[in-house]
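The points are grouped by topic.

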Amino acid sequence: MPLDIVVGAQWGDEGKGRMVDLLAAEADFVARYGGGDNAGHTVTVGDQIFKLHLIPSGVIQPNTVGVLGNGMLVNPSTLMAEMAQLREAGIDLPPKRLRISHAAHLITPAHVALDAAQEGARGAEQIGTTKRGIGPAYVAKAARRGLRVEMMLNPEDFADAVETRVEEANKHLTQLYGADALDPKTVATEFMDYARQLKPYIVDASQLLTDALNSGKRVLAEGAQGTLLDLDHGTYPYVTSSSPTAAGALLGLGIGIRPANRIVGVTKAFQTRVGEGAFPTELSGKVAKHLRGTGANPWDEFGTTTGRPRRVGWIDLVLLRYACRQNTLTEVALTKLDILSGIDPLKICIAYRIGDETFTELPLGPADLSQFEPVYEELPGWDVDVTAARHWDDLPPQAQKYVQRIEDAAGMPVRWISVGPERDQVIIRD
Ligand code: IMP
């Protein structure tokens with residue numbers, strides 16, 4: 001019963017999309033288990049660049065079935081647009097190639113409007129959300145006022161439910177935030193149309209995946225966001241509203257613990273973050289510019305979903321160790337090693353300090369990182385281009401040492417090293 005889980009080991013944007021694409025070549029099902037279109041997964045295949053927000057990146061591999069799990073939030077407008085975009089690129093997704101859990105929740109324009117209004121009202125305490133309605137839709141789910149995908153199967157009741165929820169949101173929008181109200185009837189009509197189109201895709205995904213696992217099929221769980229954005233285990237309150245950690249895959253797909261096999265943590269060779277919140281190894285200046293890029297290349301550090309420039313810094317091994325523990329990772333995939341070429345020396349954060357006290361583990365989790373000063377170790381950089389490396393021996397000794405230092409700190413193997421955005425620009429180690 002092999003279930004492999006791919007999780008982000010940092011603050012999201014680790015390059016999970018390209019790792020999922022690689023691992024999906026051997027999977028039968030690729031399932032997203034949490035979040036919504038706040039995610040942005042980029043996969044480069046030849047001259048085609050796919051930027052996916054909702055549909056699992058694994059569907060680019062032709063023999064997979066994509067699944068949107070019950071832990072997800074589905075904005076049907078984004079979903080339809082993404083399906084159209086893939087169709088244009090030659091990837092058609094009929095219901096036999098894409099399934100949506102009946103128990104996933106829907107995002108409406110009311111959630112999106114509330115997200116923007118609430119962020120505005122937070123003033124200096126903004127979270128820096130993607131403004132995709134994620135927080136308000138998960139709040140509605142927890143308050144038991146959400147719109148579940150299965151409601152679309154009963155059109156009359158569904159239209160009423162959408163209207164009522166939009167009317168409720170309008171009270172908050174206008175009375176609490178002074179924002180414009182939405183027209184409930186227009187939203188209901190729009191959602192009735194989505195219901196008609198999406199009906200054939202709706203299944204009990206938990207049953208589908210459990211049956212698949214029981215019959216020896218391979219399921220790949222595709223994480224979105226990252227460990228440090230986890231609602232419980234991340235840098236609260238600067239987190240998302242779902243559970244991107246490995247345990248979230250089981251809950252967000254409706255499968256038990258037993259099938260879990262490999263748990264792959266994806267980390268960049270440096271650190272990035274979008275949105276607010278403490279970032280101990282954050283850099284500004286020349287090295288930051290080098291790491292971020294100008295935005296001219298698709299792989300430069302600008303958000304896939306919002307286009308915001310990402311904050312960048314040295315790799316933080318205290319946080320990587322934390323991610324290894326939180327997710328019980330079995331192995332690590334290291335991405336964007338090529339970007340470090342030309343930086344000398346390189347720094348890695350091996351511990352934190354407050355005054356005279358040094359910490360190699362987080363005493364109380366990562367919620368209050370602002371109190372720590374990073375303790376760095378310096379390693380020699382390398383000047384050669386590594387984008388053509390396909391084997392460990394092709395890497396310069398300094399790059400090998402850098403990877404080994406990460407392995408030592410994580411206490412587990414770095415199994416994959418990506419050296420460029422293309423499918424084949426990866427070193428796979430035994
Ligand atoms: P929300 O998920 O839109 O509510 O945003 C909450 C926080 O998570 C913000 O700091 C976002 O920038 C961050 N975030 C959400 N999704 C992603 C992602 O896919 N990559 C990186 N950061 C994300």
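The second largest cavity is lined by R18, D21, L22, V43, T44, P421, E422 and R423. This is a predicted model, in which local features need pLDDT of at least 70 and side-chain atom pairs count only at pLDDT 80 or more, while totals for chains, interfaces and linings use all residues. Residues are numbered from 1 along each chain as its sequence is written, and side-chain values use heavy atoms, with hydrogens and water left out.

**Cavities**

- A cavity is a set of points, on a 1 Å grid over the protein atoms alone, where a 1.4 Å probe fits but cannot get out; lining residues have an atom within 4 Å of a point.
- A volume is the space filled by probe spheres set on the points, with grid points joined across faces, edges and corners.
- The count comes to 2 cavities of 30 Å³ or more.
- The second largest cavity has a volume of about 40 Å³.
- Helix α1 (16–24) and strand β3 (41–45) each supply at least two residues of the lining of the second largest cavity, and the largest share, 3 residues, comes from α1.
- Helices (H or I, at least four residues) and strands (E, at least two) are DSSP runs, numbered from the N terminus.
- The lining of the second largest cavity divides into 3 nonpolar, 1 polar and 4 charged residues. Here Ala, Val, Leu, Ile, Met, Phe, Trp, Tyr, Cys and Pro count as nonpolar, Asp, Glu, Lys and Arg as charged, and the others, Gly among them, as polar.
- The largest cavity holds about 50 Å³ of space, and its lining consists of D4, L23, E26, A27, R218, V219, L220 and R262.
- By class, the largest cavity is lined by 4 nonpolar, no polar and 4 charged residues.

**Second largest pocket**

- A pocket is an open set of grid points with protein on both sides within 12 Å along at least five of seven lines.
- The second largest pocket contains about 160 Å³ of space. Of the 14 residues lining this pocket, N297, W299, D300, D338 and I339 are the closest to its centre.
- The pocket lining comprises 5 nonpolar, 6 polar and 3 charged residues.

**The sheet**

- Ten strands form an open sheet with mixed pairing, in the order β9-β7-β5-β2-β10-β1-β11-β15-β20-β21. At its edges are β9 (202–203) and β21 (426–428), each of which pairs on one side only.
- Two strands pair if DSSP finds at least two bridges between them.
- Strand β1 (residues 3–8) pairs with strand β11 (residues 260–268) in the parallel sense over 5 bridges, and I5 stands opposite I263 in β11.
- Strand β11 also pairs with strand β15 (residues 331–335), in the parallel sense and over 5 bridges; the bridge partner of K268 is T335 in β15.
- Strand β2 (residues 29–32) and strand β5 (residues 65–68) are joined by 4 bridges in the parallel sense, with V30 opposite G66 in β5.

- Buried means under 20% relative accessible area, exposed over 50%, and partly exposed in between (1.4 Å probe, protein chains only).
- The buried residues of α3 are A110, H111, L114, D115, A117 and E119; what covers them includes β8 (105–106), α4 (134–142) and α5 (155–176).
- G123 follows α3 and has a positive phi, near 55 degrees.
- H105 is found in strand β8 and counts as buried because its relative accessibility is 6%.
- Contact means heavy atoms within 4.5 Å. Leaving aside neighbours within four places in sequence, H105 is in contact with M72, L73, V74, K141, G146, L147, R148 and V149.

**Two loop residues**

- V274 lies in the loop between β12 (271–273) and α9 (286–292) and is partly exposed, with a relative accessible area of 22%.
- Beyond its neighbours within four places in sequence, V274 is in contact with D13, R308, P309 and R310.
- T306 is placed in the loop between α9 and β13 (311–313); with a relative accessible area of 33%, T306 is partly exposed.
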